[in-house]
Amino acid sequence: MIVDIINKKRLGRALTYNELNYFFNGYLKGEVKDYQMSSLLMAICIRGMSDEEIFALTKIFIESGNVLDFSDIPGIKVDKHSTGGVGDKTTLVIAPIVASLGVPVVKMSGRGLGYTGGTIDKLESIPGFKIVLSDEEIIKQVKEIGVVVTGQTADLAPMDKVIYALRDVTGTVSSIPLIASSIMSKKIASGADKILIDIKVGKGALLKTKKDANKLSQLMIKIGKFYNREVRTIISDMDVPLGHAIGNSLEVLEAINILRGKEKKSNLVDLCIQLASEMVSMGKGITVEEATVLVKKSIKNLSAYDKFLEMIEYQGGNINEIKVNKKVQKIKSSKYGTIVGIDALEFGKLAVSLGAGRVNKEDTIDYGVGIYLEKLVGQKVRRGEVIAKIYSDVKLDQDFVENIFVIE
Ligand code: URA
């Protein structure tokens with residue numbers, strides 16, 4: 001039976017709900033072995049899945065754990081998810097913006113994956129900040145202050161967790177049906193009414209082409225319809241890192257700068273305004289243009305920053321205690337020109353190698369290390385001008401780092 005199911009998919013035929021359920025739940029019980037699951041996942045990667053199979057797999061993932069119910073919290077709860085990027089600290093900025101405008105936000109975030117950072121690791125760089133909350137604590141906090149950013153609870157789509165770990169080491173992460181069911185199962189199980197997905201595309205993203213990003217977008221919207229959830233998607237660039245900072249503490253400090261109105265222009269600021277506006281539009285039932293006016297106002301009058309401080313304090317964090325690495329190496333440009341590219345993948349890998357992410361699951365993170373890009377794409381540089389700062393005790397080769405920038 002197990003081999004028959006693998007062969008059926010290998011030949012490109014659609015599996016039934018019962019076959020998928022038998023196989024995936026068999027894996028959780030230990031009856032289906034790692035090598036058999038790996039083989040089926042690879043067959044799915046190569047052969048794809050029909051919409052019915054994807055809906056079935058999403059259902060199997062959701063039903064492997066608890067589904068949270070926030071229906072007694074007033075207002076439309078809007079969640080947002082990014083498919084993963086380098087320097088992506090948007091959640092830290094937009095959750096308080098959206099909440100400050102009266103739209104409740106319950107955001108369950110993940111840890112870093114490969115060379116992409118995770119919001120939970122970033123938040124943990126704030127001393128004292130508590131990321132493990134019970135369902136009761138989450139509900140109490142949203143009711144009282146309108147926003148909570150927390151780690152995924154252990155019983156949220158637990159099957160996805162084990163399958164994802166296997167995909168990570170078997171070359172089966174980039175399958176669009178598998179990505180869609182993985183993300184959507186977690187979003188639906190975490191109880192939001194409406195969901196915004198930021199699909200990253202480019203060198204530093206899981207998806208490398210716009211065509212694949214469009215396919216994923218359509219699939220996620222279809223899964224949302226099946227579950228009666230409004231899903232909107234944004235396809236955004238991940239050829240270059242988002243904003244200036246890559247590394248946990250540095251990224252939190254950058255998010256704070258944006259919320260304090262100190263940083264007004266970068267690809268990160270633009271994306272935060274775009275995402276927050278979509279969320280506010282969904283939550284309040286107004287146009288994106290109307291929402292954008294409110295979003296900009298909430299940054300300008302510091303109400304979003306006040307909400308951020310309220311959330312951090314509520315969850316026990318102290319932003320005055322955030323530490324960055326004391327030793328800093330300056331990387332200078334050896335020529336005159338304009339920055340036309342900054343390789344997100346290379347900087348993502350570099351940040352992980354400094355200790356900002358994990359190479360193995362059990363690695364601990366050094367929250368204070370990272371990279372600060374002094375110059376962004378489109379900016380002019382002079383010879384000898386500092387283009388990046390490396391927060392690490394390890395001294396890097398100047399040419400190696402400079403060559404991650406494309407200066408023409
Ligand atoms: N993020 C997820 O949670 N799942 C995927 O499959 C890819 C990115």
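Keep in mind as you read that the model is predicted.

**The domains**

Let's begin with the overall layout. The domain assignment divides the protein chain into domain 1 (2-48), domain 2 (78-320) and domain 3 (323-407). Between the C-alpha centres of domain 1 and domain 2 there is a distance of 31 Å. Twelve residues from domain 1 and eleven residues from domain 2 take part in the contact.

Now find the open sheet, whose four strands come in the order 6-9-11-7 and pair in the antiparallel sense. Strand 6 (245-246) and strand 7 (328-332) are at the edges with a single partner strand each, so one side of each has no neighbour in the sheet. In general, strands of a sheet are paired through backbone hydrogen bonds, in a parallel or an antiparallel way.

You can follow the pairing residue by residue. Two bridges link strand 6 to strand 9 (residues 370-373), and this pair is antiparallel. Here Ala-245 is opposite Tyr-372, and Ile-246 is opposite Ile-371. Moving on to strand 9 and strand 11, you will find four bridges and again an antiparallel run. Gly-370 faces Tyr-391 of strand 11 in this pair.

Which residues have the most contacts inside the largest nonpolar core? They are Ile-97, Phe-347, Ile-371 and Phe-405, in a core of 74 residues. Helix 12 (residues 267-284) gives the largest share of this core, with ten residues. Both domain 2 (78-320) and domain 3 (323-407) supply residues to this core, so the core lies between these domains.

Leaving out residues up to four places away in sequence, Phe-347 touches Pro-241, Ile-246, Ile-342, Ile-371, Leu-373, Val-401, Ile-404 and Phe-405. Another core, of 55 residues, lies apart from the largest one and includes Phe-55, Ile-197, Leu-216 and Ile-223.

**Helices with a buried side**

Helix 1 (residues 2-10) has Ile-2, Ile-5, Ile-6, Lys-8 and Lys-9 as buried residues. Looking down the axis of helix 1, you would see these residues within an arc of 160°, so they line one face of the helix. Helix 2, helix 3 and helix 4 are among the elements that cover them. Just after helix 1 comes Gly-12, with a positive phi of about 85°.

In helix 8 (residues 158-168), the buried residues are Met-159, Asp-160, Ile-163, Tyr-164, Leu-166 and Arg-167. Their arc around the axis is only 160°, which puts them on the same side of helix 8. These buried residues pack against helix 2 (17-29), helix 3 (34-47), helix 4 and helix 9 (176-189).

**A few single residues**

The table shows how accessible four residues are.

| Residue | Relative accessible area | Class |
|---|---|---|
| Glu-53 | 2% | buried |
| Asp-121 | 2% | buried |
| Leu-302 | 34% | partly exposed |
| Asn-228 | 71% | exposed |

Glu-53 belongs to helix 4 (residues 51-62). Beyond residues up to four places away in sequence, Glu-53 touches Lys-9, Arg-13, Ala-14, Leu-15, Leu-20 and Gly-48. Asp-121 sits in helix 6 (residues 119-124). Setting aside neighbours within four places in sequence, Asp-121 is in contact with Arg-111, Gly-112, Asn-248, Arg-358, Ile-365 and Tyr-367.

Where in the chain is Asn-228? Asn-228 is in the loop between helix 10 (210-226) and strand 5 (230-237). Although Asn-228 is not a glycine, its phi is positive, at about 60°. Leu-302 is found in the loop between helix 13 (288-300) and helix 14 (303-314). Leu-302, also a residue other than glycine, has a positive phi near 65°.

Notes
Residues numbered from 1 in each chain as written. Predicted model: local features only at pLDDT ≥ 70, side-chain atom pairs only at ≥ 80, totals over all residues. Heavy atoms only, no water. Pairing = 2+ DSSP bridges. Core = buried A, V, L, I, M, F, W, Y, C linked by side-chain atoms within 4.5 Å. Buried < 20%, exposed > 50% of the residue type's maximum accessible area, 1.4 Å probe, protein only. Domains from an automatic or database assignment. Contact = heavy atoms within 4.5 Å. Arc of directions from axis to C-beta.
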